[in-house]
Amino acid sequence: MPELWSARPAERAHQSAKLLDRTGAIIRELPFGPGNEHEIIRAPGIQITDASESDELRRRFIAGDVVMEIEADLTGRERLRIPLPLPH
């Protein structure tokens, strides 16, 4: 497995970060910036003010229906998909 944290932050040019559902449909694009020696990316918190949107997103997390996808310039890891289940 390649070392994901070996490059210095300035050497990383991440392209996108998204929350996807099981079908690969985009739930939400995530704002992000380059990480540091401890993280791949740094994404600020997302504020959701609509209660129904928040409830739907929470339902999807609990159902295990949310995956984070990061498209990056990491050789052999150009597209990372990480399941984000939320225990309830």
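Is Glu-56 buried, exposed or partly exposed, and what is its relative accessible area? Glu-56 is partly exposed, with a relative accessible area of 31%; here buried denotes under 20% relative accessible area, exposed over 50%, and partly exposed the range in between, with a 1.4 Å probe and protein chains only.

The model is predicted, and local features were therefore considered at pLDDT of at least 70 and side-chain atom pairs only at pLDDT 80 or more, whereas totals for chains, interfaces and linings use all residues. Residues are numbered from 1 along each chain as its sequence is written, and side-chain values use heavy atoms, with hydrogens and water left out.

The chain contains 1 helix and 6 strands, arranged along the sequence in the pattern β-β-β-β-α-β-β. Helices (H or I, at least four residues) and strands (E, at least two) are DSSP runs numbered from the N terminus. Of the 88 residues in the chain, 33% are buried. Among contacts (heavy atoms within 4.5 Å) with a separation of 6 or more, 50% are made by residues 24 or more positions apart. The accessible surface, computed by the Shrake-Rupley method with a 1.4 Å probe, comes to about 6,000 Å², and carbon and sulfur atoms contribute 53% of this area.

Side chains of opposite charge can pair when their charged atoms come close. In total, 9 salt bridges are present, each defined as a side-chain nitrogen of Lys or Arg within 4 Å of a carboxyl oxygen of Asp or Glu. One of them joins Glu-71 to Lys-18, with the closest N and O atoms 3.6 Å apart. Because Glu-71 belongs to strand β5 (residues 67–71) and Lys-18 to strand β1 (residues 16–20), this pair ties together parts that are 53 residues apart in sequence. Both Glu-71 and Lys-18 are buried. These two residues also belong to a network of salt bridges that links Lys-18, Glu-69, Glu-71, Arg-79 and Arg-81.

A further salt bridge is formed by the side chains of Arg-22 and Asp-65, at 3.3 Å from N to O. Distant parts of the chain are linked by this pair, since Arg-22 is located in the loop between β1 and β2 (26–29) and Asp-65 in the loop between α1 (51–62) and β5, 43 residues apart. Arg-22 is exposed, with a relative accessible area of 59%, whereas Asp-65 is buried, with a value of 14%.

Within helix α1, Glu-56 and Arg-60 lie 4 residues apart, about one turn of the helix. Their side chains form a salt bridge in which the closest N and O atoms are 3.2 Å apart.
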